[in-house]
Amino acid sequence: MVFVVGVGLTKFSKPHARKWDYPDIGREAASNALNDAGIDYSQIDAAVVSHVYGESTSGQKALYELGLTGIPIFNTNNNCSSASCALMLSRLLVMSGEYSCVLALGFEKMDSGLTVKWDDRIHPSQRHFDRMEECGVPKGSVTPTLSHFTSEVMKIYAYSAREHEKRYGTTKEHSAKIAYKNHFHSQYNPNASLQKVLPMEAINAREIVYPLTLAMCALTADGGAAAVVCNKDFMIKHKLQNKAVEIIAQQMTTDLPSSFNTDVTNVGGLEMARQAANYCYEKSGYTARDVDVIELHDCFAPTELLLYEALGLCETGKAGELIDNAKWIENKQGGKLCQLGNKWVVNTDGGLESKGHPIGATGIAQCAEIVYQLRGEAGKRQVEGAQIGLQHNFGIGGAAVVTMYRRIGVRPSKL
């Protein structure tokens with residue numbers, strides 16, 4: 001059994017808006033997680049650090065700010081799923097029995113978008129971009145102001161949405177409703193880069209490439225997140241039961257044959273998400289209907305729409321109906337949340353579209369939100385009675401990570 005007993009975030013902010021460097025970001029996030037757990041850095045046995053843009057061993061430099069303890073520090077880089085990979089590796093280190101308590105840390109100082117640092121070698125996602133052309137996606141940037149990498153990723157999801165529209169009748173309005181929901185939730189998140197409810201007119205304005213508008217896209221941001229992961233003995237010894245949330249299943253899936261021989265949706269990782277989620281459902285003994293709160297990788301609003309189906313919230317082709325039939329519910333703290341299928345609240349923190357997307361930190365920030373929810377500490381964004389949480393994080397190139405969490409004291413599954 002492995003537990004998250006402490007989580008911490010920095011505020012996510014527009015790149016270069018704060019005069020800080022990655023050691024400052026890492027120190028702040030890690031210190032907040034340690035303070036949340038009520039333990040010292042000297043009690044950490046190992047650390048796994050996620051960052052995408054930066055020099056090798058940046059994790060060491062960031063954690064040296066907390067002390068020189070000589071612990072193993074591992075660095076991971078899997079594009080936008082890097083932080084979930086750091087969390088998964090931290091869990092596996094604890095499960096190995098070699099370490100009792102491991103710190104997962106993610107941080108990023110971003111450019112204006114997704115950028116390429118090396119032009120003298122093949123880009124890891126070039127095969128994905130080539131597959132898009134084979135599927136009929138036009139060459140060229142969607143707008144001259146975007147980097148080639150950002151534009152290509154944007155086209156994956158724009159054309160995935162078009163495929164879904166052609167097959168099942170979904171529309172731009174469905175994506176707009178998702179973006180509205182996420183921006184609405186963000187008003188309750190003090191760490192969100194954008195804490196603002198946007199009217200539908202603003203969400204539908206400024207189209208970049210159909211059906212994507214600016215408000216349907218993840219915000220580039222700087223920021224950090226951290227989680228303290230430990231075994232049961234450490235949790236009991238340090239009396240952390242009131243802080244603990246159990247990780248009950250976790251899986252990463254990399255590219256499958258479907259990524260390169262079907263359609264554009266699978267270039268964007270939909271089948272990978274489905275396979276990872278199904279593994280977690282089988283391993284945990286719970287189903288999608290047992291889940292209460294979900295953090296998923298809404299790099300673009302249509303991506304969230306497609307993930308409703310991949311994660312098993314509805315049948316294929318029914319995602320539009322799911323968001324159409326959503327209802328708004330009030331909680332005891334005075335917040336108002338959008339509920340899907342009379343069951344799920346998705347991206348309570350505003351998602352990548354409002355919270356922001358420092359790609360080395362996003363997965364652990366998702367973990368933190370699930371932990372706050374299952375502890376009942378999410379304030380106006382609290383999902384009443386949340387017991388089971390699900391997290392999905394995706395990195396092009398590729399890696400999809402799905403994680404399931406359970407509040408301490410919740411009935412076990414039927415396994």
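A nonpolar core, as I use the term today, is a set of buried Ala, Val, Leu, Ile, Met, Phe, Trp, Tyr and Cys residues joined through side-chain atoms within 4.5 Å. Buried means under 20% relative accessible area, exposed means over 50%, and partly exposed is in between, with a 1.4 Å probe and protein chains only.

Hello everyone, and thanks for coming. The model is a predicted one, where local features need pLDDT of at least 70 and side-chain atom pairs count only at pLDDT 80 or more, while totals for chains, interfaces and linings use all residues. Residues are numbered from 1 along each chain as its sequence is written, and side-chain values use heavy atoms, with hydrogens and water left out.

Let's start with the cores. In the largest nonpolar core there are 41 residues, and I294, Y308, L311, L340, W344, L390 and M404 have the most contacts inside it. Apart from that core lies another, of 36 residues, with A46, A86, I247 and A378 among them. As general background, nonpolar side chains in soluble globular proteins tend to be buried together.

Now please find I39, in the loop between helix 1 (22-37) and strand 2 (46-50). Helices here are DSSP runs of H or I with at least four residues, strands are runs of E with at least two, and both are numbered from the N terminus. I39 has 5% relative accessibility and counts as buried. Beyond four places in sequence, I39 touches L34, I44, C101, V228, F234 and L240. V228 is 189 residues away from I39 along the chain, yet their C-alpha atoms are separated by 9.4 Å.

Next, some backbone geometry. Most residues other than glycine have a negative phi, and most peptide bonds are trans. Which peptide bonds are cis here? One is from Y210 to P211, with omega near 0°, and P211 is in the loop between strand 5 (207-209) and strand 6 (212-213). Another is from G397 to G398, with omega near 5°; G398 lies in the loop between strand 13 (388-395) and strand 14 (399-407).

Two asparagines have positive phi. For N79 the angle is near 50°, and the residue sits in the loop between strand 3 (73-76) and helix 3 (82-95). N79 is buried, at a relative accessible area of 15%. N347 has phi near 55° and lies in the loop between strand 12 (344-346) and helix 14 (351-354). Is N347 buried or exposed? N347 is buried, with a relative accessible area of 0%. Leaving aside neighbours within four places in sequence, the contacts of N347 are K181, N182, H185, I294, E295, L296, D298 and E304. With D298, the side chain of N347 makes a polar contact of 3.4 Å. A polar contact is a pair of N or O atoms within 3.5 Å; within protein, one must be able to donate a hydrogen and the other to accept it, and residues adjacent in sequence count only if both atoms are side-chain atoms.

On to helix 15, residues 362-375. At 1.5 Å a residue, its 14 residues should span 20 Å, and the end C-alpha atoms are 20 Å apart, which agrees; the expected span is 1.5 Å times one less than the number of residues. Because 14 of its 14 residues are buried, helix 15 is largely enclosed by the rest of the structure. Just after helix 15, G376 takes a positive phi of about 80°.

Finally, salt bridges, each a side-chain nitrogen of Lys or Arg within 4 Å of a carboxyl oxygen of Asp or Glu. How many salt bridges are there? The count comes to 23. E271 and R274 form one of them, at 2.8 Å from N to O. Both residues lie in helix 11 (residues 270-284), three residues apart, about one turn of the helix. E271 is partly exposed at 25%, and R274 is partly exposed at 23%. D292 pairs with K343, the closest N and O atoms being 3.0 Å apart. D292 is in the loop between helix 11 and strand 9 (293-295) and K343 in the loop between strand 11 (336-340) and strand 12, so the pair ties together parts 51 residues apart in sequence. D292 is buried, with a relative accessible area of 11%.

Definitions and conventions: Contact = heavy atoms within 4.5 Å.
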